Amino acid sequence: MEFIEGLITVIKYIPMIFGHIKNYYYLRKAKPMTFTIGTKTNVGSTIFTTGRVVSINLLTVIIEGYQVNDPVTTHGTFTISLHKISGINAHPSC
């Protein structure tokens, strides 16, 4: 019975893992300023970041750019955990 409970716990996390891998592959190939990442904060709001991917691994992505909904932040380097990404919006190519 413990084996089945453990297996159910692992199966529950499989869709989340595939989501992280999908985000990783998209960001690895993304061109500068062609995406916006939505990230949930601890207080429940969403921060939108766009820019150029400087570095990426399976845990974090480092973006050089700006936060769309924060007019004070004109330019900066942002470290985002892949598990905190709530969505990635691709910008249409011109």
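## Basis of the description

The expected span of a helix is 1.5 Å times one less than its number of residues. Helices (H or I, at least four residues) and strands (E, at least two) are DSSP runs, numbered from the N terminus. The model is predicted: local features need pLDDT of at least 70, side-chain atom pairs count only at pLDDT 80 or more, and totals for chains, interfaces and linings use all residues. Residues are numbered from 1 along each chain as its sequence is written, and side-chain values use heavy atoms, leaving out hydrogens and water.

## Helix H1

Helix H1 covers residues 2–29; its 28 residues should span 40 Å at 1.5 Å a residue, and this agrees with the 41 Å between its end C-alpha atoms. At isoleucine 14, shortly before proline 15, H1 has a kink of about 30°; such a bend is the angle between axes fitted to the seven residues ending at a residue and the seven starting there.

Five strands form an open sheet in the order E4-E3-E2-E1-E5, with antiparallel pairing; two strands pair if DSSP finds at least two bridges between them. Strand E4 (76–81) and E5 stand at the edges with a single partner strand each, so one side of each has no neighbour in the sheet. From one strand to the next, the twist averages 45°. H1 packs on this sheet, touching E1, E2, E3 and E5, and its direction makes about 40° with that of E5. For these angles, axes are lines fitted to C-alpha atoms, for helices over the stretch in contact, and angles run from 0 to 180 degrees between N-to-C directions.

E1 and E2 are joined by five bridges, and lysine 40 has threonine 46 in E2 as its bridge partner. These two strands form a hairpin with five residues between them, where glycine 44 in the turn has a positive phi of about 100°. E2 and E3 pair over seven bridges and are joined by a hairpin through three residues. Six bridges join E3 to E4, with threonine 60 opposite serine 81 in E4.

## The nonpolar core

The largest nonpolar core has twelve residues, among them Tyr24, Leu27, Phe35, Ile37, Val53 and Ile63. Such a core is a set of buried Ala, Val, Leu, Ile, Met, Phe, Trp, Tyr and Cys residues joined through side-chain atoms within 4.5 Å.

Technical notes: Contact means heavy atoms within 4.5 Å. Buried means under 20% relative accessible area, exposed over 50%, partly exposed in between (1.4 Å probe, protein chains only).
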